[in-house]
Each structure stands twice: as structure tokens, then as C-alpha cells.
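Morning, everyone. Please bring up the sequence and the 3D view, and follow along as I talk.

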Amino acid sequence: MHILRRRGWELSERLATPEALVLGRRTALAGAGSVALAAPALAQAAAAPERNPKYVAGRDITPEKYATTYNNYYEFSEGKNLWEAAQVLKPRPWTISLEGELKQPRTIGIDDLLKQVQLEERVYRHRCVEAWAMTVPWTGFPLSQLVKIAEPLGSAKYVVFETAQDPKMPGLQSPFYPWPYIEGLAIDEAANELAFISTGMYGKPLPPQDGGPIRLTVPWKYGFKSGKALAKISFTEKRPVNFWQAIQPSEYGFWANVNPAVAHPRWSQAQERLLGSNEMVPTQIYNGYGEFVASLYSDRKNEKLFM
Ligand SMILES: Nc1nc2c(c(=O)[nH]1)N[C@H]1C(S)=C(S)[C@@H](COP(=O)(O)O)O[C@H]1N2
Ligand SMILES: [Mo]
């Protein structure tokens, strides 16, 4: 008998891509609306030619209004309702400084970068360490393409992502936080096919509250790893101390891979609440992406991989 075995990340039979949503997106892109409002370069950053069918979400896409109005962005607020405040952040001009163990450290303009990469759309699940989750169609390109463009030396062991610090971000006034927001990946994690740089979502330019104009998207790790509004990317020999690890090392570590069996010191990670429906669903190890990423950790078993 032929048994159709469902893979770990296929949570349900529901389609991740309702045709209406795809058509709606294409129509929006083709029509006057979103493109006319955005500068041409911004529209280009969002207009992925194809949705990559390889990464099946197995969940309904989160309605755009929830993903764009319920956010974590401590530079703006400790609360979730910051999307209006974040509109002060302007997506152009935007440059990213490439630093550290590189053949030639330099600054690259975002549109120059976009000319050198292959844009695609990927639907990924996102799991915040606070136990809420969403499913989002991101436009962007594999982080590995950016690493290739940066030309790291053999001495580069980690990639460090630093968020822009704009004087218009009210949270930067709070001395409690170790600004800037820093995150990091090991160089082999950065080369993994799932690690993604997003410049759009829902077929539109990435809005500032979600990390526009350019953010990291690492779907197998807790959401705090996915740094927003990238201003600097450094290649280092030493493992960085990330923002949340610096604040509370007993609760947050470097690897931060999703694992339902490893509780946060203050709450369970067994389940997650879907933005929009508020449905509770089981959390999966590596957020369900183990088939793509588990091998990264086979030689790191003695590390704290899941916090
Ligand atoms: N610069 C910066 N990046 C950040 C954060 C932040 O506070 N500042 N929060 C992180 C956390 S905890 C999560 S869950 C995601 C949330 O992304 P979203 O607001 O697009 O859902 O962004 C991550 N990136
Ligand atoms: Mo988060």
C-alpha cells in the first residue's frame, strides 16, 4: 500500500496559498494602487516574480492587517501597537555597511544590492519566543547571496546584523537597553538555504513596522533573531552577544532554535497562538524546518541550542 507520509512541517491539509490571495496580490501589483504609491525602486523590492513552492507553510497565511499592526520593535515601543509610530522611518535612501573579515569592507546602497540578487517570494512560519506565530509571504532573496556579494574571508565565523539607529526612534532614549539591536548567525547558518533577507511582504514593499526596507528572516529560530532595518552587517571571528542575550542571559542565548520541549524559564513553548484567529497549535522543533536545518547542529550538541 502506498502511504503518503506527511512531513513534519506540514501541519494541516489546508493550503498555504489560497488562489484568491495570490490573484489579489498579482492584481494589486499590476494595478495602480500599491505601485503608484511606492517609488519604483520600492515596488521592485516587493515584486517577486515567483513564489518558491519548496517551502510549504501548511497553514493559512496570516491576514496582512494582523502581521502589519501587531509588532515587536523595541526601538519604537515595548508594546505591540507601534505601526503608526514606525512610519517616521523612511526606506530611501538606505545603505548597508559591510564590515569585518571581508576581502573589501564597504558600504552598499540597497538598490545596488537589489540589482545583484534574485528576488523570490517565500511563505514562512514565524514563531515569536512569546508564543505567538504568524505565516507571511515574504519577498526577498537568500541570505547566502548577500554573503557571496560581501566576499568574506576564511576567518569569518559569524555574521552580525545591526539595526539602524534613527533619532526618530523613541525607544533609543531608554538607557535600559543595550542599543543597537544586534543579532548574529554562525556563517554556516547564514549559508543555509532557509536564511532569508526580506524586502517585501504580501507583495508590497516591507513596511517600516515589519523591518522595512530590509530585514533578516530566520524561520527556524525564535523571532528575535530576525533583526529589522539592517544598517550594518559584520563578519567576525568571535561570536556576538545578541541584544536579548545581553539583557537577560538566563533567558536568551545565541542559538535560539525553536523547540516545544524546552520551556522559557517563565512560560511553556509547547504551543503557539496564531495571529488573527488566536487558534492554539502545537509548536514544532526548529519551527517545523528540521529537514532543512537540523544537520547544522549535529556537531553542536553540547551547546544550548534551544534558548
Ligand atoms: N531591530 C529590531 N528587530 C527586531 C525586534 C526589535 O525589537 N528590534 N524584535 C524581534 C522580535 S522579538 C520579533 S518576534 C520580530 C517581530 O517581527 P514583526 O513585527 O514583523 O512580526 O522582530 C524581531 N526583530
Ligand atoms: Mo519575538
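Start with a term. Strands here are DSSP runs of E with at least two residues, and they are numbered from the N terminus. Keep that in mind, as I will call strands by number. One more thing before we go in: this is a predicted model.

First stop, the loop between strand 5, residues 158–163, and strand 6, residues 182–186. P180 lies in that loop. Look at the peptide bond from W179 to P180: it is cis. Its omega is near 0°.

Where is there another cis bond to look at? Go from G212 to P213. Omega is near 5° there. P213 sits in the loop between strand 8, which is 204–205, and strand 9, which is 215–217.

Now the whole chain. It has nine helices and twelve strands. How much of it is buried? Of the 307 residues in the protein chain, 52% are buried. The chain exposes about 13700 Å². Carbon and sulfur atoms supply 57% of that area. Next, contacts with a separation of 6 or more: residues 24 or more positions apart account for 71% of them.

Back to the backbone, and to phi. E151 is not a glycine, yet its phi is positive, near 55°. Find E151 in the loop between helix 6, residues 143–150, and strand 5. Is E151 buried, partly exposed or exposed? The cut-offs settle it: under 20% is buried, over 50% is exposed, and partly exposed is in between. E151 has a relative accessible area of 35%, so it is partly exposed.

Y286 also has a positive phi without being a glycine; the value is about 50°. Y286 belongs to the loop between strand 12, residues 280–282, and helix 9, residues 290–293. Its relative accessibility is 8%, so Y286 counts as buried.

Why is T283 called buried? Because its relative accessible area is 6%, and the cut-off for buried is under 20%. What does its side chain touch? The side chain of T283 makes a polar contact with the side chain of E272, at 2.4 Å. Now leave aside the neighbours within four places in sequence. T283 is then in contact with R127, V258, P260, Q269, A270, Q271 and E272.

Last stop, ligand 1. There are 19 residues around it. Which come nearest? Y74, D210, R215, S226 and K228. By class, the shell has seven nonpolar, eight polar and four charged residues.

Let's take some atom pairs. Y74 uses its backbone: an N or O atom there lies 2.8 Å from an oxygen atom of ligand 1. T163 uses its side chain: an N or O atom in it is 2.9 Å from a nitrogen atom of the ligand. K228 has a polar side-chain atom 2.7 Å from an oxygen atom of ligand 1. And how much of the ligand is covered? On its own, ligand 1 has 540 Å² of accessible area, and the protein covers 99% of it.

Then go to ligand 1 and find Y74, T163 and K228. That's my part. Thanks.

Notes
Residues numbered from 1 in each chain as written. Chains lettered and ligands numbered in written order. Predicted model: local features only at pLDDT ≥ 70, side-chain atom pairs only at ≥ 80, totals over all residues. Heavy atoms only, no water. Helix = DSSP H or I, 4+ residues; strand = E, 2+ residues; numbered from the N terminus. Buried < 20%, exposed > 50% of the residue type's maximum accessible area, 1.4 Å probe, protein only. Near = heavy atom within 4 Å. Polar contact = N/O pair within 3.5 Å; in protein donor to acceptor, adjacent residues only side chain to side chain. Areas by Shrake-Rupley, 256 points an atom, 1.4 Å probe, with all protein chains shown as cover. Nonpolar A, V, L, I, M, F, W, Y, C, P; charged D, E, K, R; others polar. Contact = heavy atoms within 4.5 Å.
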